[in-house]
Amino acid sequence: MNAAPLTTAAAAAVRELRRTYGSAATAAHRGRRRAPQTADWNRVVSEAEKVVGYPSSFLSLRWLLSDEIANVALHLRKLGTSNHPLLKVAKGLLQNSRDNMQAWGLVVLLLSKAAGHLNVDSSADEDECGVLRSQRALAEIAEMIRTSHRMHNSLINIRPGLFSEPVVHNSMSFGNKVALLSGDYLLANSYNELSALKNPNLMELISSALRDLSEAEFLGRRDAQNNPLPSPFEPLDRCPLGSTRLHFNPLLQPPGPLGNMPLTPALRDWTRCNVLSAGSLLGKTCQGALLLAGHGEHLQKQGFLFGKHLSLAWQAYLDLEPFLTSSPYSLGISFNLTSAPVMFHLEHDPALFEEIDKGVNTVQDIDYVKVHDIVMKGPGIDCTKQLQKEHSRKAMEVLDEFEESDARTALSNIIVAMDRE
């Protein structure tokens with residue numbers, strides 16, 4: 001009897017959240033990019049959504065409109081004046097950008113449609129766009145897992161004396177509770193949805209992706225708030241601490257040079273970290289989508305490789321963001337210190353570690369203006385552009401395994417839209 005009023009309240013809460021956090025984030029995002037590129041990206045995504053029959057992101061349609069997430073949205077209003085990292089995650093859910101988490105589900109559905117399906121009772125499982133309903137569910141599952149992971153990563157390590165003002169301390173503690181419970185809710189629902197597909201092989205595949213996400217959090221150095229810091233490079237012939245398991249899966253580790261790029265310690269470390277933290281989930285979700293469609297091991301492997309290379313090209317693209325000519329990061333805004341431009345520069349100029357090492361206790365002790373200026377003058381940016389191109393090229397090569405279709409064209413357009421040049 002109360003279902004209708006609750007749904008209305010949920011929709012109103014989401015609209016309020018979008019007004020509060022989405023507009024400002026979108027405006028700032030657009031201000032940082034050249035208008036033609038943003039327009040091209042929006043157009044490419046819009047056309048791709050038409051191919052798979054979804055006019056907007058999955059989380060906006062289902063999970064953001066659920067009563068539980070609507071309650072989270074209402075609680076987020078209480079954090080509006082704080083600097084809790086959860087607010088940044090909320091903005092990422094709402095803004096239409098290349099870093100939008102829902103774009104991953106779109107990629108999974110496009111690949112599913114491009115591959116088609118075999119030995120499946122299409123009358124029971126296929127929708128009007130030619131995508132299996134189980135594949136749509138898997139795309140949502142991947143989005144929920146990634147969103148849950150980001151929410152959990154937004155937790156703050158509140159140590160005694162970290163916040164002198166009781167109001168700030170209470171606000172951050174409340175933000176931690178919301179982030180923890182929201183992440184747990186999405187993660188629990190993702191596994192509930194996954195079990196409903198009744199496929200043990202798929203369950204094992206996605207569970208291994210979640211393991212990889214967790215393992216990524218233990219690679220390299222971290223400050224007291226778990227922000228990543230570059231570690232001194234180990235020689236290629238030595239096995240870095242904690243990487244033993246990677247040797248059992250050659251798909252997760254670059255076996256040699258990447259196109260025209262030689263395998264260096266910086267390339268190895270960046271690849272390992274980003275495959276575990278992103279590429280594994282997208283790759284295994286693509287692989288799982290083809291598994292559900294009845295395809296053999298060869299095409300499933302190609303699906304994994306496509307997702308892995310696309311995610312790495314995507315990450316390299318995002319890593320370049322702070323080092324664009326018009327970027328505001330030159331003013332001292334913090335950025336990811338384990339991004340590809342920084343990693344490649346450290347390999348070229350280890351003296352930069354002297355400044356990086358100041359962030360062992362907190363990355364806020366690092367002079368980001370100095371680091372940004374040094375990296376801008378080094379070879380790291382050009383190396384990252386080449387890195388992005390190489391992974392884009394490999395993703396394009398995998399697409400050749402699929403027949404020409406509007407879905408394959410949409411995937412190609414997404415790859416082209418990430419080109420910085």
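**View 1. Phe353 is buried in this predicted model.** Its relative accessible area is 12%. Phe233 reaches 22% relative accessibility, so Phe233 counts as partly exposed; the cut-off for buried is under 20%. The rings of Phe233 and Phe353 form an edge-to-face aromatic pair. Their centres lie 6.1 Å apart, with 70° between the planes. This pair links distant parts of the chain, 120 residues apart. Phe233 sits in the loop between β2 (228-229) and α11 (265-292). Phe353 belongs to helix α14 (residues 353-356).

**View 2. Tyr329 and Phe335 form another edge-to-face aromatic pair.** Ring pairs join Tyr329 and Phe335 with Phe323 and Tyr368 in a cluster. The structure holds four aromatic pairs in total.

**View 3. The largest nonpolar core has 62 residues.** Leu110, Phe306, Leu310, Trp314 and Phe402 touch the most other members. Helix α6 (residues 103-115) supplies the largest share of this core, 10 residues. Leaving aside residues up to four places away in sequence, Phe306 touches Val107, Leu111, Ala395, Val398, Leu399, Leu411 and Ile415. A second, separate core has 17 residues, including Tyr329, Phe335, Leu346 and Leu352.

**View 4. Arg146 meets Trp104.** The charged end of Arg146 sits over the Trp104 ring, 3.8 Å from the ring centre.

**View 5. Helix α9 covers residues 166-196.** The helix has 31 residues and reaches 45 Å from first C-alpha to last. That is close to the 45 Å expected at 1.5 Å a residue. Just after α9, Lys198 takes a positive phi of about 55°.

Methods: Residues are numbered from 1 along each chain as its sequence is written. This is a predicted model: local features need pLDDT of at least 70, side-chain atom pairs count only at pLDDT 80 or more; totals for chains, interfaces and linings use all residues. Side-chain values use heavy atoms; hydrogens and water are left out. A nonpolar core is a set of buried Ala, Val, Leu, Ile, Met, Phe, Trp, Tyr and Cys residues joined through side-chain atoms within 4.5 Å. Buried means under 20% relative accessible area, exposed over 50%, partly exposed in between (1.4 Å probe, protein chains only). Helices (H or I, at least four residues) and strands (E, at least two) are DSSP runs, numbered from the N terminus. Contact means heavy atoms within 4.5 Å. The expected span of a helix is 1.5 Å times one less than its number of residues. Rings of Phe, Tyr and Trp (its six-membered ring) pair if their centres lie within 6.5 Å; planes under 30 degrees apart count as stacked, over 60 as edge-to-face and the rest as tilted. A charge sits over a ring if NZ of Lys or CZ of Arg is within 6 Å of the ring centre and within 35 degrees of the ring normal.
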